[in-house]
Amino acid sequence: MLILGIESSCDDTGVALVENGRTLLGSLVASQVRLHSQFGGIVPEVAPRQHLEVILPLIDKLLQETKATVRDIDAIAVTNGPGLLGSLLIGLNTGRTLAYLWNKPLIEVDHLISHIYSNWLNATTPTKWPVLAVIVSGGHTELVLMQSPTKFQSIGGTRDDAVGEAFDKAAKILGLGYPGGPIISKLAKPGKVPKLPRPMLNDGLEMSFSGLKTALTKLAGKYPKAALAYEFQVAIIEVLSTKIERAIKKYQPKGMLVAGGVAANLLLREQVFNVARRWKIPCWVPEAQYCMDNAAMVALAAYFLQGAKNNLWYNVKVKTNSVLTAHD
Ligand code: KG4
Ligand code: ZN
């Protein structure tokens, strides 16, 4: 079962080929970071034009590099939201048109759920349920309880800014450029600065990060940027870890996984593994490049969600320790 994944929800154009929900044959991402960084953030009108320019050549390149032919492809998977409307439409129309022309089934998948499946690229994958999934991206911050690989229940999340968005806005306030997450985490160094608030720390599993911007704005220009970046990062990750730990206490999951662009953050990775160790549960985080938007996760999500429903993988023979066992 070979699935061609297509991702274009925001500013990255991604295409990938994944076999049997397990083997990544190839994944290409055309980043628009340089294009948007001159404006200090993503320009929604510019992103789709760039997707349109690169998406077909990228699919061509993927087929060439993986030596796959159109005939080898069993289904096409594409992100259908959430995301920037113009950007989504380029991927969706490409996927729909190719599915029609090549006579392949089309599977449309949710972007957030796809992020979760980037963890199925890891050497091992969850086998015991429920699993706590922590999605931390530029557009979303969600705590999700997975009762099985295909059953999701939202149990908490942000009321305003997403964590990645908070990083991006903080970088803008400090005059550091875009995207903020990697820049802030690279620059961050401990120093003497007033403590930033830890918003809604005692408020169940709900979060709020927009107030941190105001607090940071008041300090910007008065203290070293590196020390402010450090304090900002620590404040956010302390809130996240507290919420994750509370969710574990309440729902007693048998494992946890983290996904989305902010999962590339080294301090966050360290902290979630600390929490998992404390609760003696396994923890999965994707390789940094698969934390960001990519199409491998789209193909994987399609394989598990729609594939499972439609028996697409019914006759696929799978080796032991494969993810398929998780469906039994
Ligand atoms: O998942 P993603 O690629 O796109 C969305 O679906 O939003 O996430 C992008 C977000 C950006 O906000 C970026 O600043 C953040 O992920 N990010 C990071 C790091 N790397 C990327 N945030 C904190 N630390 C990082 N190392
Ligand atoms: Zn994303």
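Is Ala77 buried or exposed? At a relative accessibility of 0%, Ala77 counts as buried, where buried means under 20% relative accessible area, exposed over 50% and partly exposed in between, with a 1.4 Å probe and protein chains only. The legends below describe a predicted model, in which local features need pLDDT of at least 70 and side-chain atom pairs count only at pLDDT 80 or more, while totals for chains, interfaces and linings use all residues. Residues are numbered from 1 along each chain as its sequence is written, chains are lettered from A and ligands numbered from 1 in the order in which they are written, and side-chain values use heavy atoms, with hydrogens and water left out.

View 1. Ala77 is found in strand β4; helices (H or I, at least four residues) and strands (E, at least two) are DSSP runs, numbered from the N terminus. Leaving aside neighbours within four places in sequence, Ala77 is in contact, meaning heavy atoms within 4.5 Å, with Ile3, Leu4, Gly5, Ile6, Ile107, Val298, Ala299 and Ala302.

View 2. Five strands form an open sheet of mixed pairing in the order β3-β2-β1-β4-β5, two strands being paired if DSSP finds at least two bridges between them. Strands of a sheet pair through backbone hydrogen bonds, either parallel or antiparallel. Because β3 (23–31) and β5 (106–110) stand at the edges with a single partner strand each, one side of each is left without a neighbour in the sheet. Neighbouring strands of this sheet are turned by 20° against each other on average, direction ignored. Strand β2, residues 12–19, pairs with β3 in the antiparallel sense over eight bridges, and Asp12 has Ser31 of β3 as its bridge partner. Helix α2 (residues 46–66) lies across β1 (2–7), β2 and β3, running at about 25° to β2; axes are lines fitted to C-alpha atoms, for helices over the stretch in contact, and angles run from 0 to 180 degrees between N-to-C directions. Helix α3 (residues 85–102) lies across β1, β4 (75–81) and β5, and runs at about 155° to β4.

**View 3. The largest nonpolar core.** A nonpolar core is a set of buried Ala, Val, Leu, Ile, Met, Phe, Trp, Tyr and Cys residues joined through side-chain atoms within 4.5 Å. The largest one holds 48 residues, of which Leu132, Val136, Leu143, Phe232, Ile236, Ile244 and Met256 touch the most other members. Among the elements that give two or more residues to this core are β6 (131–136), β7 (141–148), α5 (163–173) and α8 (225–251), and α8 gives the most, with twelve residues. A second, separate core of 31 residues includes Ala75, Val144, Trp284 and Ala296. Leu143, when neighbours within four places in sequence are left aside, is in contact with residues including Leu132, Ile155, Leu205, Met207 and Ile244.

**View 4. Salt bridges.** A search of the whole structure finds ten salt bridges, each defined as a side-chain nitrogen of Lys or Arg within 4 Å of a carboxyl oxygen of Asp or Glu. Glu108 and Arg96 meet through their side chains at 3.0 Å, N to O, and this pair links distant parts of the chain, with Glu108 in strand β5 and Arg96 in helix α3, twelve residues apart. Both count as partly exposed, Glu108 at 30% relative accessibility and Arg96 at 39%. Lys169 and Glu165 form a salt bridge at 2.9 Å, N to O; because they are four residues apart in helix α5, about one helical turn separates them. The side chains of Arg198 and Glu231 meet in a salt bridge at 2.6 Å, N to O. Since Arg198 lies in the loop between α6 (180–187) and β9 (206–207) and Glu231 in helix α8, the pair ties together parts that are 33 residues apart in sequence. Arg198 and Glu231 are buried. Salt bridges that share partners join Asp161, Glu165, Lys169 and Lys213 into one network.

**View 5. The two assigned domains.** The domain assignment, whose bounds come from an automatic or database source, gives domain 1 (2–120 + 289–315) and domain 2 (131–285). Their centres, taken over C-alpha atoms, are separated by 26 Å, and 19 residues of domain 1 are in contact with 22 residues of domain 2.
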